[in-house]
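Have the sequence and the 3D view open as you read.

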Amino acid sequence: MTSVAALAGIPSATGTKRTAEDILSIAGLMGDQKKARFENAPSKVIHVRNVPVDANDTELLALGLEFGRVKNVLLLKTKRQGFIEMEDKQTAANFLTYYSHISPTIRGQVVYVQYSNHPELKTEPSQHSSGTSKIIAAGGDYPYSADGQGALAAAAAKVVTGNKSNVIRAVIDKLWYPITVEVLYKIFSSLGTILRIVTFTKNGQFQALIEFTTVTEAELAKVTLDGQNIYNGCCTLHLEFSKLTTLTVKYNNDKSKDYTRPDLPSGPNDSPFSGADLAGLLTGGAAGSASLMGAPALLSLLPQGGLLPASFFGATGGRGGLNMGGSPVVLVSNLNEEKINCDMLFTLFGNYGDVIRVKILFNKKDTALIQFNDPQQAQTAIRNLSGVSMYGKEIKVTLSKHTYVSMPKDGDENNLTKDFTNSPLHRFKKPGSKNFQNIFPPIRTLHVSNIPDTATEEELIDAFSVSGTVTEFRFFAKDRKMALVTMTTIEEAIDALIKMHNYKITESNHLRVSFAKTRSSN
């Protein structure tokens with residue numbers, strides 16, 4: 001059996017007895033308190049902790065590709081840890097410097113990164129997923145990009161040929177379980193922002209079209225997921241680029257969904273299984289010998305390696321009525337209770353969805369419940385805000401067990417609960433709004449719009465300086481009603497957004513403020 005030390009490239013010392021600390025250090029598994037006794041020197045290998053249990057090595061790879069070439073990765077799933085070997089120490093330093101200001105996430109969960117004490121990694125190709133192997137084999141030097149998009153595009157270009165599109169066409173064979181829109185969303189959304197999904201049956205094959213925000217995200221999804229099984233041993237994905245660039249969706253249901261148009265009706269909802277009673281098929285009931293799977297016991301005999309566990313399907317009751325959205329309520333903890341109020345939370349979290357209600361807990365005022373319009377918006381907020389520093393504290397955003405936020409029966413004298421249902425400041429109520437395509441995590445640079453012609457650079461800098469130091473300001477060359485404002489830190493940018501969004505700059509103009517895509521957007 002190959003040891004962890006061998007996988008990590010550490011030569012074995014024959015006849016040398018290692019202490020428990022040595023073994024833990026080699027495996028990269030030493031606890032924080034113990035590890036504090038060891039100062040790791042700069043290395044081109046990055047150690048990643050708190051990796052989601054369902055993550056894959058391609059997602060580790062994507063973290064590194066934002067900064068340059070990744071030579072190797074190693075994922076230790078059972079330990080929820082991983083290693084990323086960059087091209088050189090400087091690239092690794094760029095990686096850690098960037099993530100000293102913003103928390104890296106995988107599948108919406110904050111991960112922790114630091115230098116590893118390993119000089120390099122040694123792995124076998126069989127230890128990597130197919131997408132990871134292709135990107136590593138492609139090699140090449142990828143230019144550093146502050147937001148990572150340039151690097152990801154360059155990486156994907158090395159391994160993807162032909163006409164590219166932001167829409168992926170998926171053909172799914174071995175269709176032993178029903179695949180709904182939300183199943184596909186769970187799989188593909190970890191690799192990019194999904195705008196629309198349409199499913200259909202053509203020539204007897206179940207197919208789907210998945211529209212991403214950018215070609216880059218579609219490329220990464222194709223490289224990562226092509227040939228993978230959604231469930232163990234079945235529902236195999238075969239992916240290619242579609243000739244389409246935009247999908248038209250009329251109904252939001254199990255067969256199609258427009259994530260930018262939550263107002264669409266459900267409409268007709270015919271199952272791709274032509275109304276078959278899937279519960280009967282799985283239990284061998286009415287279908288008898290024609291059942292898809294025979295008996296439920298067969299589920300345990302399926303080979304491993306699917307993107308989703310079989311139990312995931314079981315939670316639907318066997319009828320494809322998947323409720324994957326979860327709760328529309330998030331729990332926000334570790335807030336600075338001396339500086340936070342409901343309106344401030346509404347403004348910040350409103351960048352990621354339409355906030356309906358906010359409740360700051362009476363007995364724990366550093367914690368709040370925030371209810372969004374739908375579960376997707378709640379997940380977007382978790383993905384972008386969990387782990388960011390706000391007023392000197394690193395906030396944590398998780399999904400709440402509550403499905404709604406209740407209002408006090410006798411009013412709220414302390415202003416700890418507020419209803420924003422009818423707020424005119426909701427960013428996502430207008431169907432097809434561009435705001436759906438301009439959702440970005442907090443960075444130092446803010447995008448400011450609705451600037452009146454009379455406003456000067458000096459006036460705007462002075463207004464934003466209430467939150468800190470403005471290090472850079474510039475109007476858009478083609479539209480002076482918009483500008484980019486860069487603060488010294490992300491915390492200052494968050495405070496500026498909270499204070500300056502909807503700021504009344506003239507009698508007829510209120511500023512609109514959001515986080516920019518990159519510092520160089522124009």
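A516 is found in the segment after β25 (512-515); strands here are DSSP runs of E with at least two residues, helices are runs of H or I with at least four residues, and both are numbered from the N terminus. This is a predicted model, in which local features need pLDDT of at least 70 and side-chain atom pairs count only at pLDDT 80 or more, while totals for chains, interfaces and linings use all residues. Residues are numbered from 1 along each chain as its sequence is written, and side-chain values use heavy atoms, with hydrogens and water left out.

Is A516 buried or exposed? A516 counts as buried because its relative accessibility is 3%; buried means under 20% relative accessible area, exposed over 50% and partly exposed in between, using a 1.4 Å probe and protein chains only. Setting aside residues up to four places away in sequence, A516 touches F440, I443, T445, L446, H447 and L484, where a contact means heavy atoms within 4.5 Å. A516 and T486 are 30 residues apart in sequence, with their C-alpha atoms 9.5 Å apart in space.

T486 leads us to the sheet. T486 in β22 stands opposite T445, and β20 (residues 445-449) pairs with β22 (residues 483-487) in the antiparallel sense over 4 bridges. Two strands pair if DSSP finds at least two bridges between them. The open sheet has 4 strands in the order β21-β22-β20-β25, with antiparallel pairing. At its edges are β21 (470-475) and β25, each pairing on one side only. Neighbouring strands of this sheet are turned by 20 degrees against each other on average, direction ignored.

Two helices lie across strands of this sheet. Axes are lines fitted to C-alpha atoms, for helices over the stretch in contact, and angles run from 0 to 180 degrees between N-to-C directions.

| Helix | Lies across | Angle |
|---|---|---|
| α14 (residues 457-464) | β20, β21, β22 and β25 | about 140 degrees to β21 |
| α15 (residues 490-500) | β20, β22 and β25 | about 155 degrees to β25 |

Elsewhere in the chain, helix α9 (residues 215-225) is mostly covered, with 9 of its 11 residues buried. Among them are T216, L220 and L225. After α9 comes G227, whose phi is positive, near 90 degrees.

Now for the whole chain. There are 15 helices and 25 strands, and buried residues make up 50% of the 522 residues. Among contacts between residues at least 6 apart in sequence, 70% join residues at least 24 apart.
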